Structure formats: structure tokens, C-alpha cells
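Open the structure in a viewer that lets you select residues by number. The stops below go one selection at a time.

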Amino acid sequence: MLQTIKKIGVLTSGGDAPGMNAAIRAVVRTCAFHSIKCYGIYRGYEGMIDGDFVEMDARSVKGIINKGGTILKSARSKAFRTVEGRKAAYDQLKKAGIDAFVVIGGDGSFTGAMVFNKEFDFPVMGIPGTIDNDIYGTTHTLGYDTALNTVVEVIDKIRDTASSHNRLFFIEVMGRDVGHIALNVGVGAGAEEILIPEENLGLDRLLESLRRSKTSGKSSSIVVVAEGDKIGKSVFELKDYVEENMTEYEVRVSVLGHMQRGGSPSCFDRVLASRMGVKAVESIITGKSNYMVGLKNDGMDLTPFDQAVKGKSKIDKELLRVSDIMSI
Ligand code: ATP
């Protein structure tokens with residue numbers, strides 16, 4: 001028999017990403033639309049264990065659609081990885097009368113939700129929020145598009161100084177396991193080379209490409225490097241290597257770091273967050289549980305948590321070829 005859902009909790013967990021607030025707003029307002037009470041759960045699973053809940057109505061999420069970060073705060077909870085911690089969280093949810101929750105986060109957060117669902121048969125739904133876009137089952141995670149725009153803007157600025165001094169810049173961007181950010185900003189900002197975790201292009205090819213750039217009369221060169229680049233050298237080691245082998249280059253390094261996570265979400269992320277929030281709540285109402293909401297073929301789609309967690313998000317290798325052609 002379908003359980004009647006009267007109260008839904010919403011939390012943000014793991015690393016923050018632009019668009020999380022827009023997703024909280026969407027979950028809260030969809031609940032209000034369907035006359036379901038909504039509770040914000042502070043500090044991810046840590047706040048769930050502590051019973052740190054606040055009732056939210058349609059007005060409590062005004063003015064947040066354009067804000068980066070998350071008003072509910074986020075956390076990584078060691079205690080939730082233990083049976084005792086999860087039992088304490090379950091007791092707090094029951095005490096507050098919460099019947100289901102929506103977790104906005106990455107694959108770790110979904111694993112936690114999946115384990116919790118299995119142990120307590122508690123309805124859970126996920127919204128992918130991470131700038132890396134490294135989750136299977138959605139072409140875009142929340143925050144990814146904003147991060148691309150932020151990084152492209154910064155590289156454009158670095159290009160200004162690079163071309164004024166005829167310099168070569170290595171720019172490190174986020175992406176430990178997948179090269180989505182590096183590949184797309186590389187093409188978007190006109191990088192000469194893009195180094196990603198999925199492909200080892202090799203140091204010889206890098207030198208050859210930089211030599212070609214120099215002889216073709218380019219006044220600056222940008223190489224975008226993902227954190228987890230497969231060549232296995234840090235941006236600083238790459239700088240040393242190129243300076244040793246190509247004395248004609250003056251090389252600089254820029255590690256973009258946490259600024260990539262911040263800022264006001266792009267229109268794309270706000271719309272995506274709104275759609276995902278509606279889909280998550282309405283899926284719970286119709287009795288669905290243990291799924292992640294995703295964007296597929298321009299529509300909202302559900303992927304079982306175990307597939308979302310185990311599956312691998314794949315880069316578009318054609319973009320590497322496009323980049324090669326563009327950097328002639
Ligand atoms: P990001 O992509 O930003 O790292 P994430 O959701 O993958 O986000 P994690 O720190 O891996 O971030 O996971 C968030 C939280 O989910 C953890 O702090 C922990 O509380 C919970 N969690 C992760 N894995 C498990 C697990 N196997 N069992 C129970 N809880 C888990």
C-alpha cells in the first residue's frame with residue numbers, strides 16, 4: 001500500500017555547489033504546492049543525527065535562488081557511516097514525524113542514503129549537486145554549468161596577461177577522476193592543450209604541441225590541467241619540465257582551487273535545480289524511493305542509487321579532437 005507522505009526533509013551533504021539553494025527552494029515550494037510539510041535538515045547527515053531541523057514554508061526560501069553555497073550548510077559526517085549514527089538519525093526523523101528525505105549531494109551522500117534506506121526502509125531521493133559532473137545518470141549535476149562559466153571567465157583574464165608577456169600558463173582546474181571541467185573550459189577558452197584523467201596524451205606530445213604554437217606565431221599559450229591528469233605530474237612539475245626542455249618559454253602556473261565552487265548559480269543551474277526539486281518531491285509522493293533525479297535527453301529521469309553510485313560518468317572524447325583542430 002502506498003504510504004501517505006505528510007512531511008519531507010531536505011538536506012545538503014558533501015561538498016557545496018552553486019544551485020544547491022535553488023534546489024532547496026524547489027523542494028520546499030513543491031512540498032508547499034502539494035500541502036506537504038517540509039523540514040530543512042542542517043549540516044547534512046550530521047544535523048540529521050542531532051535532530052537539527054527547521055520547518056520551512058514557501059516564504060522561508062525567498063531570495064535564495066541566486067545565492068551560491070547552501071543556506072542549510074553542508075558537512076561530512078563520520079558518525080553517519082556507523083550503524084549507531086544512522087539509528088540515531090532514524091530516531092530523530094521519526095520523532096519529528098518526517099516520512100522521507102531528499103538529499104542534495106554527491107555519490108557519497110547517495111551511498112549514505114542507500115544504506116539508510118536498506119536498514120530502515122525509509123523513503124529517500126537524491127539530487128546530484130557537485131561541480132565535477134562526475135555522477136552517472138545525469139548529463140549535468142547542479143553547479144557544473146556555473147563552474148564552467150566561472151572558470152572560463154578566469155582563463156579569459158589570465159589570457160590577457162599571458163598574451164601581454166608572451167607567456168605559457170598551466171592552469172589547474174578541479175577534476176580528480178573526470179575531466180569534464182578541464183575539457184569543456186579548455187575548448188571554451190581556446191586552450192592550446194587540455195590534460196585530463198581519462199587520457200594520457202604524453203609529455204612528448206605536449207612539447208610538440210607547444211613548439212607548434214610557438215612557430216605558428218601565437219603570442220600566448222594556455223594549457224588546462226585537471227587535478228587528476230593522467231600524465232601524473234603536478235602543474236608545478238609540468239612547469240619545470242617544459243622550462244627545462246623549452247627555454248624559449250616563460251612559464252607560469254595558476255591553481256584555481258575553491259573559487260571554482262563559489263558564486264551565483266547560472267540560469268541553467270537555477271532552472272535545472274527547479275526541475276530536479278519538483279521531480280524529486282513528486283516522485284516521493286508517487287511512492288518512489290532510492291533514486292537519483294537526473295537530466296537525460298533534455299528531460300527529467302530517475303536512476304537507481306546503486307547505478308548512480310557504481311556507474312561512470314563519461315567525457316565526450318570528440319571534444320579532444322575538436323580542441324586539437326581549434327588549437328592549430
Ligand atoms: P562530493 O562529491 O562533494 O565529495 P559527496 O556526497 O560524494 O560529495 P562524501 O563526503 O563522499 O561527499 O559523502 C557525504 C557524506 O555521506 C559522508 O560524510 C557520510 O556521512 C555519508 N556517506 C558517504 N559514504 C557512506 C557510506 N558508505 N555509508 C554511510 N554514509 C556514507
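Predicted model: local features only at pLDDT ≥ 70, side-chain atom pairs only at ≥ 80, totals over all residues.

**The ligand**

How many residues surround the ligand? There are 16, and the closest are Gly15, Arg76, Ser77, Gly108 and Ser109. Now colour by helix: α4 gives the largest share of this shell, with 5 residues.

A polar backbone atom of Gly15 is 2.9 Å from an oxygen atom of the ligand. At Gly106, a backbone N or O atom also lies 2.9 Å from a ligand oxygen. At Gly108, the distance from a polar backbone atom to an oxygen atom of the ligand is 2.8 Å. Of the 620 Å² of accessible area that the ligand has on its own, the protein covers 83%.

**Glu119 and Arg86**

Is Arg86 buried or exposed? Arg86 is buried, with a relative accessible area of 8%. Glu119 is partly exposed at 34% relative accessibility.

**Asp324 and Arg205**

Now select Asp324 and Arg205. Here too is a salt bridge, with the closest N and O atoms 2.7 Å apart. Asp324 belongs to helix α11 (residues 318-326) and Arg205 to helix α7 (residues 203-215), so this pair ties together parts that are 119 residues apart in sequence. Asp324 is partly exposed, at 34% relative accessibility. Arg205 is also partly exposed, and its relative accessible area is 27%.

**Glu243 and Lys239**

Select helix α8 (residues 235-245), which holds both Glu243 and Lys239. Their side chains meet in a salt bridge at 3.1 Å, N to O. How many residues apart are Glu243 and Lys239? They are 4 residues apart, which is about one turn of the helix. Glu243 counts as partly exposed at 27% relative accessibility, and Lys239 counts as partly exposed at 21%.

Then select Arg43, Asp50 and Asp52 together. Salt bridges that share partners join these three residues into one network. As background, side chains of opposite charge can pair when their charged atoms come close. Counted over the model, there are 17 salt bridges.

**Thr146 and Asp269**

Go to helix α5 (residues 144-164) and pick out Thr146. What does the side chain of Thr146 make with the side chain of Asp269? The two side chains make a polar contact, at 2.5 Å. Thr146 is buried, with a relative accessible area of 3%.

**Two loop residues with positive phi**

The last two selections concern the backbone. Select Lys73, in the loop between β3 (53-56) and α3. Phi of Lys73 is near 65°, a positive value in a residue other than glycine.

Then select Asn133. Where does Asn133 lie? Asn133 is in the loop between β5 (124-128) and α5. Phi of Asn133 is near 60°, again positive in a residue other than glycine. With the surface on, Asn133 counts as buried, because its relative accessibility is 3% and buried means under 20%.

Definitions and conventions. Residues numbered from 1 in each chain as written. Heavy atoms only, no water. Salt bridge = Lys/Arg side-chain N within 4 Å of Asp/Glu carboxyl O. Buried < 20%, exposed > 50% of the residue type's maximum accessible area, 1.4 Å probe, protein only. Near = heavy atom within 4 Å. Polar contact = N/O pair within 3.5 Å; in protein donor to acceptor, adjacent residues only side chain to side chain. Areas by Shrake-Rupley, 256 points an atom, 1.4 Å probe, with all protein chains shown as cover.
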